[in-house]
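Subject: Structure for you to look at

Hello,

Here is the structure I said I would pass on. Please open it first, then read the notes below with it on screen.

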Amino acid sequence: MQYYSPVETHLLSSQYVRQTFKIQVMLPARVRGESRPFPVVYATDGNWAFDMLKGISHILQTHERDAPPYILVGIGYPSDSPRGGAVLRARDLTFEGFPRFIPKPAAFEAVPTAEPGTATTHGGAAFRDFIEHELIPFIERTYETVPAERTYFGHSGGGGFGLYTLFTRPALFNRYIISSANLCLDGETSAGVRYSKYDFMLDAARKFVTETERLAETRVYLSVGAEEEHEPGIERWQLTSSCVRLAAILTAADIPGLTFSSEVFAGETHMTVWPMAFVHGIQCVFGI
């Protein structure tokens, strides 16, 4: 008889970000008394997506033909609101080179904001350091894990942050699931700055493939919805076409050690594609 442990929630303070993070952990089903290590899947936007990813993970792990057992870790902020990360994600998921913008103030209750006097955008390097030096060590000393088996999943800004991590600290994860990432911008931001065909992440990808001779065995899955290209409100990001362009760059590079796959979901929008990217991404990076 297999059983599921309840989700465990931890409040983890970071010296890198000056932030307390809400970390939710789902263990896979196990035979009572079983003790063995599992790979770990880390997902950003935990306030929005953890419950969805938890449900999907329970379903996928019902049969190992669909997905192997894994520990799911959601990275979020101390709030019970699904929109609890609406403001702080603008700080943690953006990075040097990302278009300049002004985060929108919280329009909902229970939405944490940055401490006075601290950065409100472009904090990706510190957030990456939090994950590497504080979160991962905490998870690996608290739970039975396979230390070399770490997967990253991120959507939208989380997808862009995943690529930033791949390009700057590739060995942090050996599997990356990148969904609907911000890669370029052709238009004006909330800071009133106009960008013309600003290929910030495509340029970063070109630099990465030029400077990378080989990788340790790394699987990357990249996906986007076909309807995102002209979706009202986000059309200036050209999400679909830029994803196709990035796929061409990484495929042509043929970096030893890198297994790369990409997918465009017909008929899907920026939000409807989110769970599909996770399902297909898990199966792809685990070789199912």
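Helix α4 (residues 157–168) and helix α5 (residues 200–211) pack with their axes 10 Å apart, at an angle of about 25°. Angles under 35 degrees count as roughly parallel, and α4 and α5 are therefore roughly parallel to each other. Their crossing is left-handed. On the α4 side the contact is made by Gly160, Leu163, Tyr164, Leu166 and Phe167, which meet Met201, Ala204, Ala205 and Phe208 in α5. Sorted by class, the residues of this contact are 8 nonpolar, 1 polar and no charged. Please keep in mind that this is a predicted model.

The axes of helix α1 (residues 46–60) and helix α7 (residues 273–285) come within 11 Å and cross at roughly 45°. That angle makes α1 oblique to α7. The crossing of α1 and α7 is right-handed. From α1, the residues in contact are Trp48, Ala49, Met52, Leu53, Ile56, Ser57 and Leu60; from α7, they are Trp274, Pro275, Phe278, Val279, Ile282 and Gln283. This contact holds 11 nonpolar residues, 2 polar ones and no charged ones.

Next, the nonpolar cores. The largest has 64 residues, and those touching the most other members are Ile23, Phe130, Ile131, Leu135, Ile139, Leu163 and Leu246. Helix α3 (residues 124–142) gives the most to this core, with 7 residues. What does Ile139 touch, leaving aside neighbours within four places in sequence? Ile139 is in contact with Ile23, Val25, Val40, Tyr42, Val73 and Thr145. There is also a second, separate core of 22 residues, with Val41, Leu60, Phe153 and Val273 among them.

Gln24 lies in strand β3 (residues 19–26). Is Gln24 buried or exposed? The relative accessible area of Gln24 is 13%, and buried means under 20%, so Gln24 is buried. Not counting residues up to four places away in sequence, Gln24 touches Val7, Glu8, Thr9, Gly46, Phe50, Leu72, Val73 and Gly74. For a sense of distance, Gln24 and Arg194 are 170 residues apart in sequence and 38 Å apart in space, taken from C-alpha to C-alpha.

Asp129 is found in helix α3. Asp129 has a relative accessible area of 17%, so this residue is buried as well. With residues up to four places away in sequence not counted, Asp129 touches Tyr16, Glu134 and Arg169.

Last, some backbone angles. Most residues other than glycine have a negative phi. Arg18 is not a glycine, yet its phi is positive, near 55°. Arg18 sits in the loop between β2 (8–14) and β3, and at 47% relative accessibility counts as partly exposed. His122, also not a glycine, has a positive phi of about 55°. The place of His122 is the loop between α2 (89–92) and α3. His122 is partly exposed, with a relative accessible area of 28%.

Regards

Technical notes: Residues are numbered from 1 along each chain as its sequence is written. This is a predicted model: local features need pLDDT of at least 70, side-chain atom pairs count only at pLDDT 80 or more; totals for chains, interfaces and linings use all residues. Side-chain values use heavy atoms; hydrogens and water are left out. Axes are lines fitted to C-alpha atoms, for helices over the stretch in contact, and angles run from 0 to 180 degrees between N-to-C directions. Helices (H or I, at least four residues) and strands (E, at least two) are DSSP runs, numbered from the N terminus. Angles under 35 degrees count as roughly parallel, over 145 as roughly antiparallel, 65 to 115 as roughly perpendicular and the rest as oblique. A crossing is left-handed if the near helix is turned anticlockwise from the far one by less than a right angle, and right-handed if clockwise. Contact means heavy atoms within 4.5 Å. Ala, Val, Leu, Ile, Met, Phe, Trp, Tyr, Cys and Pro count as nonpolar, Asp, Glu, Lys and Arg as charged, and the others, Gly among them, as polar. A nonpolar core is a set of buried Ala, Val, Leu, Ile, Met, Phe, Trp, Tyr and Cys residues joined through side-chain atoms within 4.5 Å. Buried means under 20% relative accessible area, exposed over 50%, partly exposed in between (1.4 Å probe, protein chains only).
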